[in-house]
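Here is a short briefing for a first look at this structure. Please keep the sequence and the 3D view open while reading.

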Amino acid sequence: MNIQIELISEYDLADASFNIVIDGLKPRETYRVEMFLSDYYCINAPMLLTHDVLWRSTGTFVSDKNGIIDISQTPSCSGSYEGISTMGLFFNAKPLTNQRKKLPNSLSEIPILDHFFVDIKIMQGNTVIAERTFTRHYMSSQISHQDIYGEHFQGRLFYDQKAIKTPALIIVSGSEGRIEKAQNIAQLLSSRGYICLAVAYFGLEGLPKYLERIPLECLVEAKDYLRQHPQVDSERIGIYGRSKGAELVLAEESLFNDVQCLVLNSPSDVVYEGIKGKWNSHTSSWTNLKKELPYQKFRLGDYLFSKLFRKSFPKDRSAKIDIGQMHSPILLLGSTVDEIWDASSAIDDIVSDYKGRHITFKKYHETGHMLTVAYQPNHRYRKDWRLLMRESKDSWLATIHFFDRHLKKK
């Protein structure tokens, strides 16, 4: 048999869908298709999972009368998923081991993964009858990167060296404070026409050790850096914040309000108490000019009540982030079943308090707190994986379209 394996995709970026077509098989016979991902980084995976762990998924398919298996049209009879789904194999891939790594302490030691491999094997019984490997990219080939060391932040800049007066984005991730997740998002957005600065605000050598008393100046300084960059259009800067990073962005912009748009993914509308290791810090998460922002204290009783009865606990009004003077366009993304905090009510309150010219929101009902990049496997939630995949795609495309609308010239 002369078996041909083809990967069909509009883009070779990690956030784009692709189809697998296998031709040259015997008609109407059963085959097992195995997919292996290597050098793969997934935002939804545990932080400590080593990137060189192999991911795997399988599907059993019956070739058609012409000896073709088209993943977008041929149903999987068994394996990692059943039914027809173009990205079913990819989204249902799981790491083969739970091998952990020690996280590097310094920015320079954190790797930049610019691509990963998709290995497709066609099996009959225990025999591999065909195999082909494809490469998918986290960033386009023309994108360069540079490590940035500020007084209050450390970052990685992703940029096209040929770019001229280009819109720019600051990317801030969640309560890990580090750069790995932020840079993965920044790599993909930089490949869509932005200069992107992924920001680490604690957890690395030279930055605060814990999530406590983090200066809002980390974002002020990051914005100043971009405004002075010769390739950046200083009048077209946006910020993307997710989870605790969204809280940081909202708190900072409520005071400075000087960028063109914001995307807040799974946000909070109050400042919460900081975290010192595994314990509450008895301080605010954030400071401005060395003064702590008022914060909501962690109370175990409130937390247990919210989990037991699935109700949000009362918000401390003094800890509310005052967004009454904000006018930048905002996109809010969140879930009605967020397992970390009540992002849904936070979205409602932000929309209610906003007095600016443009605010929009999207709420999802299957995915919880981990609304990230489209198609990345997400095994955190024991729900309908098709709905999880659909919601991750929708939230990611909404993010791209929002930035394009408000930052790219018509």
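A residue is buried at under 20% relative accessible area, exposed at over 50%, and partly exposed in between (1.4 Å probe, protein chains only). This is a predicted model: local features need pLDDT of at least 70, side-chain atom pairs count only at pLDDT 80 or more, and totals for chains, interfaces and linings use all residues. Residues are numbered from 1 along each chain as its sequence is written, and side-chain values use heavy atoms, with hydrogens and water left out. Helices (H or I, at least four residues) and strands (E, at least two) are DSSP runs, numbered from the N terminus.

- Strand 15 spans residues 261–265, and five of its five residues are buried.
- On one side lie Cys261, Val263 and Asn265, and on the other Leu262 and Leu264; both faces are covered.
- Strands pair if DSSP finds at least two bridges between them.
- Strand 14 (residues 232–242) runs parallel to strand 15, joined by five bridges.
- From strand 14 the chain passes through helix 4 (residues 244–256) to strand 15, a right-handed β-α-β crossover. Right-handed means that, with the strands pointing away from the viewer, the path from the first strand over the helix to the second runs clockwise.
- Strand 20 (residues 330–335) is also parallel to strand 15, with four bridges.
- Asparagine 265 stands opposite arginine 242, and its bridge partner in strand 20 is leucine 333.

- Two bridges link strand 2 (residues 19–23) to strand 5. Valine 21 has aspartate 70 as its bridge partner there.

**Buried spots**

- Helix 2 (residues 180–190) is mostly covered, with eleven of its eleven residues buried.
- Threonine 60 belongs to strand 4 and is buried, at 18% relative accessibility.
- Beyond neighbours within four places in sequence, threonine 60 is in contact (heavy atoms within 4.5 Å) with residues including Thr30, Tyr31 and Cys77.

**Aromatic rings**

- Rings of Phe, Tyr and Trp (its six-membered ring) pair if their centres lie within 6.5 Å; planes under 30 degrees apart count as stacked, over 60 as edge-to-face and the rest as tilted.
- The whole structure holds 13 aromatic pairs.
- Tyrosine 81 and tryptophan 385 have ring centres 5.6 Å apart and planes at 75°, so they pair edge-to-face. They are 304 residues apart in the chain.
- Tyrosine 81 is buried at 2% relative accessible area, and tryptophan 385 is buried at 17%.
- Tyrosine 201 and tryptophan 286 form a tilted pair, because their centres are 5.9 Å apart and their planes lie at 55°. Tyrosine 201 and tryptophan 286 are both buried.
- One aromatic cluster is made of Phe18, Tyr40, Trp55, Phe90, Phe116 and Tyr138.

**Charges over rings**

- A charge sits over a ring if NZ of Lys or CZ of Arg is within 6 Å of the ring centre and within 35 degrees of the ring normal.
- Lysine 121 has its charged end over the ring of phenylalanine 36, 5.0 Å from the centre.
- Arginine 192 lies over the face of tyrosine 11, 5.7 Å from the ring centre.

**Positive phi angles**

- Aspartate 39, a residue other than glycine, has a positive phi near 55°. Aspartate 39 is partly exposed, at 28%.
- Lysine 165 has a positive phi near 45° and is partly exposed, at 48%.
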